[in-house]
Amino acid sequence: MTIRPLRVSLRAAQVQRRVEGWVNGAVRLRDRGLAKLRLGGRIADYDDENYSFIGGEAEVLRKRHYDKSLRLLWKAQIEAPWSSFRDATSAEREIRNMALRALTDEERAAREVISSQDYRDMLKREYTLEQRQAIVTLLSAIGHGEAYAWLVSARLLGEVRSTGAKAALTMQVLEEAKHFVVLRELIEAFEVDIPRLPVWEYDLLEAVLAAEGVEKLFGMNVVVEGIALSIFGILADMPGLEILHLFHKDEARHTALPLNYLGEFPMSWWERNSPRRRMGRLRMILPALPLVFMLEKDAATIGIDAFDLGGAILGRASKNAERAGFLTVLPYSALRTEINLVFNAWCFLTRPGHEFRDFIRSGMAATEGHSSPEVTEQAA
Ligand SMILES: [Fe+2]
Ligand SMILES: [Fe+2]
């Protein structure tokens, strides 16, 4: 291809460049000055001179979160064929069809594509009305949380430093959007009333959305996603809920983000230890407690001990918080002991024959797929 350049005035081009240079110098100087005086300045945390975001590349974060998320990205049309989603490409549909053709007749029957109505009928066959309502109560607590996870990750995208961390948060925004819309459709298929946010969770999620900077990572990726992981872990083996295994994998990646991010951009001593921040973290953990009590009846209906769930949430979240350096005004070991005592005291008062139990340990085991015999008996 032959390109024929147009004739323009070289002198005019030089003048334009010089003018741009002067104005640029003045604008950048003004913005640097305003930023120094904390009166504003450049809004974007972007370094155009180095073609990178402030904070540098952070390639490890990008590889562990953005690249990995893209590799593991799942499509609702393939994984939940009963849903209304049409998000698979023709190549992905073809690969799925080829995989189905390679199965034996028996395997194919087990993986038969079921329509939305088939799926709803199956849920009605598998569960009583009371059980469906209980599952929806537990799942909708997470479903509402997914809405906030979407909003919080979108806000964090503008607040984390480095190209790698922004790439990681971009994938989280995408995954939370998918979690919200897919989970809502799954919950609607149960055809029972969907509860509003319990006030304890409302309070927790609003506090996370309002938290400053990386404290959002603590509230969302440590506490809220710790709750989601435990509930997904305990429900994913139930009939019709297998897709929750995929949610679980995504959330596990999200809970690893604070540790990976703070490994690259550590908090200062003051950020870790300031009494206000330590208090704020405890304030974000505490609403999870009454939430656990509130879910006791519904969890028991499907053979799950809510205090196992509470123990698992506390065990998981406190371990992740300790590793990432998010301290509270109380040491986590004391918090685990105290909360375990509160759970046991409640059980002594309300469950005849209750024997003292380490709910942290039994909860971790229960969220791996085993339900509690004590509550199964009581719920029966
Ligand atoms: Fe999520
Ligand atoms: Fe998440």
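**Helix packing in the predicted model**

The crossing of α7 and α10 is left-handed. Helix α7 spans residues 129-157 and helix α10 spans residues 215-235. Their axes come within 10 Å and cross at roughly 150°. Angles over 145 degrees count as roughly antiparallel, so α7 is roughly antiparallel to α10. On the α7 side, the contact is made by L138, I142, G145, A149, V152, R155 and L156. These residues meet K216, L217, M220, V224, A228, I231 and L235 of α10. By class, the contact of α7 with α10 holds 11 nonpolar, 1 polar and 2 charged residues.

A second pair is formed by helix α8 (residues 163-188) and helix α11 (residues 244-264). The axes of α8 and α11 come within 11 Å, with a crossing angle of roughly 150°. That angle makes α8 roughly antiparallel to α11. The crossing of α8 and α11 is left-handed. From α8, the residues A165, A168, Q172, E175 and H179 take part. Their partners in α11 are F247, D250, H254, L257 and Y261. The contact of α8 with α11 divides into 5 nonpolar, 3 polar and 2 charged residues.

Helix α16 covers residues 306-324. At 1.5 Å a residue, its 19 residues should span 27 Å. The end C-alpha atoms of α16 are 27 Å apart, which agrees. Of these 19 residues, 16 are buried, so α16 is largely enclosed by the rest of the structure. G325 follows α16. The phi of G325 is positive, near 90°.

Helix α4 covers residues 90-101. Its 12 residues should span 16 Å at 1.5 Å a residue. The end C-alpha atoms of α4 are 16 Å apart, in agreement with that value. The number of buried residues among the 12 of α4 is 0, so α4 lies largely in the open.

For the chain as a whole, the count is 19 helices and 2 strands. The chain has 380 residues, of which 34% count as buried. Its C-alpha atoms fill a box of roughly 90 × 60 × 30 Å, taken along the principal axes.

Terms used. Residues numbered from 1 in each chain as written. Chains lettered and ligands numbered in written order. Predicted model: local features only at pLDDT ≥ 70, side-chain atom pairs only at ≥ 80, totals over all residues. Axes fitted to C-alpha atoms, helices over the stretch in contact; angles between N-to-C directions. Helix = DSSP H or I, 4+ residues; strand = E, 2+ residues; numbered from the N terminus. Parallel < 35°, antiparallel > 145°, perpendicular 65-115°, else oblique. Left-handed = near helix turned anticlockwise from the far one by under 90°. Contact = placed C-beta atoms within 7 Å. Nonpolar A, V, L, I, M, F, W, Y, C, P; charged D, E, K, R; others polar. Buried ≥ 20, exposed ≤ 12 C-beta atoms within 10 Å, placed from the backbone. Expected span 1.5 Å × (residues − 1).
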